[in-house]
Amino acid sequence: MRFSLLLALISGVFSQVRFKGTSLKIRGVNLGGWLVLEKWIKPSLFAEWDSFDPTSPRDEWTYCETLGKTECFRRLNEHWRTWVTEDDMEGLRLAGITHVRVPFGYWITGDIAEDEPYVSGQWKYFARMVKWARARGISVWIDLHAAPGSQNGFDNSGRIGNATWDKSMENVNRTLSAIEWISKRIKEEGLLNDITGFGLLNEPDQHINYWRMLSFYNHAYELIRKELYNGVSVYIGDMFNPQSFNWFWHNGNPIQATNVFLDSHIYACFVDDLKAMTPKQHITQVCRFERAHINQCCWDGWPPAPTELGRFVGEWTAAFDRTPSPELEKAYENDQLKYVSPELTPERKKFLRQYVMAQIATYEATPDDSIPYQHGAEEFLDFHGWFFWNFKMEADVYREWDYLRGVREGWIPILEHGLSIFDQFGFTCQDLEHDAIDCTDNVVDPFPVLKDWKGVSCKNYQKSISEPKRAKGENVVIILAIFSAFALVAALFIAYRTVKLSDNGISSLSDLIFGWKCGRCCSKSKPLAYQRINEVQLQPQQHPVSAVA
């Protein structure tokens, strides 16, 4: 046991090391919709009910409540057994994935109250997945996605509705008991070398009592360290306001914490202003403003210095203009009531790859990578990596949330271990900003349809970059200016050469004009690229509470 603990401590330290010239950042995916149900991820589980009937099951609570515990367990047991496969884990390894993040609910421990419809039995399938990951060198980060009373009121918390977790100390204490149970189980089953990260609570609502939240984080951290020591990274949610954690866990305030991280989630498809953007604006939003958003924490002192809290992005996706909903699923339903894929045009596919690469480059950026985006004395943190949401999806309509599918279709790159995006592909975020088009045809298709949105025509855009508009009469002025300049140069040249006629043996003006030879080679210079004058100025977005994961 002591030897395994030593290995865990060593692996915990080296899992966060970055050697110069290499990228050893987290490159992960979420195994969402598995141990906590989310209807849109695995809609076949809910297929027998009408999605538009408000009495139909919408989450794991109402799913089990409707079926009863016996039938719910029978169906979910089969789902737990089959949703994550060894082939999936192998596909992730081949794609260059280094980590998986596994959401689970507190009921995995078997602590289910009499009035709660949940069922337990997930752990053995989770442990099986850990062994598959171990065989492929993939690290596992676990995440408490659902707490008693719900910490955010989303389906990913187990129950849609009010977020009442912080309204009862019983809820808080049951959550701490779940964290202690899981920590002990990890140690007892010898999984310390495999499970290298522990998330204390997913996406706590921004209206949760701040001080109760921090008190919970302190107690949960101490429980984990008691069982798992320092080899496991502990990470916390930013409550969609990373700046509020700049002081937390720094210099022993309020407790001494090590190997800790702050998790942010970034999605464009839930914000109408972002959904309406052109591809170029989307890339700029990521490379500039999401970078700045992540960098809001964690700093302290003057001049500011990084605190103990490292930074990573625990959820992001390639979807950018279509909000997940039953309406979206209905819009892409065929006559057999089967979901079909929205059209993936060549232009959209090209942008998806640019968008994915921009996010990867940003979320694993080093301070040196961020130098082009600095303002004045501003500095940037070393960002520790990312987890894409999700590893796969069942419905074609959500293809842009499906990492494995993106790899198969070519709009997610296969990543080479140890190489940054720039080292492997030769692209920087600035390059991607420059290359992305600033029009929306065949790329942007917002759903639900945005009121008064017309997009930006690529015909007008292509014309504008190939034929810059000039004011009336400007062509004539330019021609006259060129002719006048040429005439002036010619006159000066003739005058100069006339003075030298006798010295150079030139007997006539015709010899001067027609007999002089140029001994230099003439070279062509590339014309200056046309630059747009009225470029849209983007603003950092205030991230709303996500309804995804």
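The protein folds into 18 helices and 10 strands; the model behind this account is a predicted one. Of its 549 residues, 52% come out as buried. Looking at contacts between residues at least 6 apart in sequence, 77% link residues that are at least 24 apart.

On to the strands. A barrel is closed by 8 strands, taken in the order 1-2-3-4-5-6-9-10, and the pairing is parallel. Going from one strand to the next, the twist averages 30°. The order steps from strand 6 to strand 9, and this pair, residues 260–265 and 309–315, runs parallel and is joined by 6 bridges. One detail of the pairing is that H265 has E315 of strand 9 as its bridge partner.

Helix 5 (residues 123–135) lies across strand 2 (99–105), strand 3 (139–146) and strand 4 (195–199), and its direction makes an angle of about 150° with strand 3.

Helix 6 (residues 169–188) and helix 7 (residues 210–228) make up a helix pair whose axes come within 9 Å and cross at roughly 20°. With angles under 35 degrees counting as roughly parallel, helix 6 and helix 7 are therefore roughly parallel to each other. The crossing of helix 6 past helix 7 is right-handed. On the helix 6 side, the contact involves M169, V172, T175, L176, I179, E180, S183, K184, I186 and K187; helix 7 contributes R212, F216, H219, A220, L223, I224, E227 and L228.

Notes:
Residues are numbered from 1 along each chain as its sequence is written. This is a predicted model: local features need pLDDT of at least 70, side-chain atom pairs count only at pLDDT 80 or more; totals for chains, interfaces and linings use all residues. Side-chain values use heavy atoms; hydrogens and water are left out. Helices (H or I, at least four residues) and strands (E, at least two) are DSSP runs, numbered from the N terminus. Buried means under 20% relative accessible area, exposed over 50%, partly exposed in between (1.4 Å probe, protein chains only). Contact means heavy atoms within 4.5 Å. Two strands pair if DSSP finds at least two bridges between them. Axes are lines fitted to C-alpha atoms, for helices over the stretch in contact, and angles run from 0 to 180 degrees between N-to-C directions. Angles under 35 degrees count as roughly parallel, over 145 as roughly antiparallel, 65 to 115 as roughly perpendicular and the rest as oblique. A crossing is left-handed if the near helix is turned anticlockwise from the far one by less than a right angle, and right-handed if clockwise.
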